[in-house]
Amino acid sequence: MSQDSQWPVWEVFVQANPGIPHKHVGNVHATDAEMAIQNARDVYTRRSEGISIWVVPANAISASSPEDQGSFFEPSNDKPYRHPTFYKIPEGVKYL
Amino acid sequence: MEDQKQIEAFEAKIASGVKIEPKDWMPEAYRKQLIRMMSQHAHSEIVGMLPEGNWITRAPSLRRKAILLAKVQDEAGHGLYLYSATETLGIDRTELLEQLHTGKAKYSSIFNYPTLTWADIGAIGWLVDGAAIMNQTALARGSYGPYSRAMVRICKEESFHNRQGYEIMMHLAQGTPEQKAMAQDALNRWWWPAIMMLGPSDDQSPNSDQLMRWKVKMESNDAIRQRFIDRTVPQADFIGLSLPDKDLKFDETTGHYTHGPINWDEFFEVIKGNGPCNAKRLKARSDADKKGRWVRDAALAYAEKKKLKAA
Amino acid sequence: MNLQEAKFQYLLRLGDSNLIIGHRLSEWCGAGPILEEDIALINIALDFVGNATALLTYAAEVEGKGRTEDDLAFLRGEREFRNLLMTEQPNGDYAATIARQFLYDVYTFYLYEALKSSKDETIAALAVKSHKEITYHLRHTTEWMYRLGNGTEESHERMQTALNDLWMFTNEFFDMDEVDALLIKEGVAADLEKIRTQWETRVKEVIAEATLQIPTTNFKQKGSREGKHSEHLGFLLAEMQSVHRSFPGAQW
Ligand SMILES: [Fe+2]
Ligand SMILES: [Fe+2]
Ligand SMILES: [Fe+2]
């Protein structure tokens, strides 16, 4: 007989309202995608917290590592020109 | 040997209020302590389903039945959030449950007391969830990201638990003399265990300093206990029930209640496994696990077959 | 029998069935095969209790004798309950629970779909709400029929046994008497002969997909329409009503 198992982990993303992104809320254990969606519904939307659910097998997610933080994210710190507040627009100019 | 520099950076991060995330470097002692605490907490939620679950089928009105079902379901949800959060530390749920079933892991002492009457359901929601909330709102400020986020979610759900319990007690206290007696009896039996569930006195809990610095523990047990007592005593007064502590009185100078001596011998006996329901609770959990084995296997086998078919 | 009496009986049948099967499901609390399933089962039980409450509230109102939904739930005896025999059957193993739920879910799925167009507005409105819940329940139990039927040898065997044991209680789903006749004429109730055809088709499909066999038993149990139950119901009610009955007139 094989090992006892609590089933694979699926990460759960819930969209709270139309038009906003799905947000990670936690995970559930399930044997297949249909079950993962049902379990996510029962666990994470008991108080009408959502209108749409995504589930992803946890082992299918690749993440950047904390050591990458410097090389990945700091370079953009000195590119303020990517942000609209970098630009001074004279008062009175509209729709910009 | 852990690099002193790493530890310093880690502690600086915590001091500045940044959360530690699963992939971040952390001292082994931090990881171990968190696994111990978080899994204990998770186990407490699911073992905690049992004493209350005991009364679902006997709830005296349809409204109470629905509320209790929803409440106990929340506790299952809390267990799930907490196991999830614990798993981020590199241990899986199968192993965590094995630790519970073999008695290696602990859970809150409070759930080893029996629920003897319907009023116990009121007392649990009011006192046990009330005490838990005190503890959990503190833990929500803790340093480990997944634990703290789980706590935030849990705290949001807990206040309904606390209120429904108090509401049950209020109805009983204002009901027939038999109902009032039942409420008082439940309060007499649950008061001290609720006080004790917040953990041993500060002088009896070792290595608190480091845990506080690491924001694993946020407040001392005694401080949390004091706040719980200060808030709960007036609630009991309000519904005309009396607390089973003849030494309990309000100290005008400190603004706090002082209480009589706590029977720590009883607490440590229950922790050791000698509470009235330790054996029963553990058996219920491990029986459910054993009885569920073929179901879990079948679901896995079916998923495998479907995958093969699709391939 | 007049329309009011017929309606009262009909509402008891619907309400009691949901109350009793919800009670059975709630017995799983803390004992499910995995935490996620524990949560799912309590969700379903909650739907049933909520539904039963609404139906019994309306039943009490239709009766017009000043009784409440709690009076109906907690102060009637075995012979006054009108729940289907299927709903009071003990949980057994997980296969028996799933099989019972599945057979009942398919039934209520079509029944409540039909009741959405009941001429009684309250029943129609309740049916609309319930049907959404039932759609989810059925999706849940259907998946589990597939899993247990196709999963392992053991699960397959357990599920087949469960179906065989419960099959004798399915025929009663479609029994009709003067209550039904009167209410069908008035456009209030659903014609159960039509539901039977839909039920048979769906149940056969799922059982085939789950590689199980339709049981061949000729036993048919009935009696709930007249309050003749299996021996299980008495114990269930004794438990369910114990606190309520111990404190006559008390408020909770
Ligand atoms: Fe909880
Ligand atoms: Fe709680
Ligand atoms: Fe808790």
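Mentor: His78(B) and Glu158(B) are both buried, where buried means under 20% relative accessible area, exposed over 50% and partly exposed in between, with a 1.4 Å probe and protein chains only. The model is a predicted one, in which local features need pLDDT of at least 70 and side-chain atom pairs count only at pLDDT 80 or more, whereas totals for chains, interfaces and linings use all residues. Residues are numbered from 1 along each chain as its sequence is written, chains are lettered from A and ligands numbered from 1 in the order in which they are written, and side-chain values use heavy atoms, with hydrogens and water left out.

Trainee: Which residues coordinate the iron ion (ligand 1)?

Mentor: Donors are N, O and S atoms within 2.8 Å of the metal (3.2 Å for Na, K and Ca); water is not among the atoms, so sites may look incomplete. Here Glu45(B) (OE), Glu75(B) (OE), His78(B) (ND1) and Glu158(B) (OE) coordinate the iron ion (ligand 1) at 2.0 to 2.3 Å. Along the chain these donors follow the spacing E-x29-E-x2-H-x79-E. His78(B) belongs to helix 4 (residues 62-87) of chain B and Glu158(B) to helix 7 (residues 145-173) of chain B, so the pair ties together parts that are 80 residues apart in sequence. Helices (H or I, at least four residues) and strands (E, at least two) are DSSP runs, numbered from the N terminus.

Trainee: What is the geometry of the site of the iron ion (ligand 1)?

Mentor: Four donors count as tetrahedral if all angles lie between 85 and 135 degrees; four count as square planar and six as octahedral if opposite donors are over 155 degrees apart and all others between 65 and 115; anything else is irregular. The four donor atoms of the iron ion (ligand 1) make angles of 79 to 157°, and the site is irregular.

Trainee: Which residue bridges the iron ion (ligand 1) and the iron ion (ligand 2)?

Mentor: Glu75(B) bridges these two ions, which lie 3.3 Å apart. Glu158(B) and His161(B) share helix 7 of chain B, three residues apart, about one turn of the helix. Both Glu158(B) and His161(B) are buried.

Trainee: Which residues coordinate the iron ion (ligand 3)?

Mentor: Glu45(B) (OE) and Gln136(B) (NE2) do, at 2.3 to 2.5 Å. Glu45(B) lies in helix 2 (residues 28-47) of chain B and Gln136(B) in helix 6 (residues 119-139) of chain B, so this pair ties together parts that are 91 residues apart in sequence. Glu45(B) also coordinates the iron ion (ligand 1), 3.1 Å from the iron ion (ligand 3). Glu45(B) counts as buried at 6% relative accessibility, and Gln136(B) is buried at 3%.

Trainee: Is Val93(A) buried or partly exposed?

Mentor: Val93(A) is partly exposed, with a relative accessible area of 44%. Its place is in the segment after helix 2 (69-73) of chain A.

Trainee: How many helices and strands does chain C have?

Mentor: Chain C has 10 helices and zero strands. Buried residues make up 63% of its 252 residues. Along its principal axes, the C-alpha trace of chain C spans about 55 × 40 × 30 Å.
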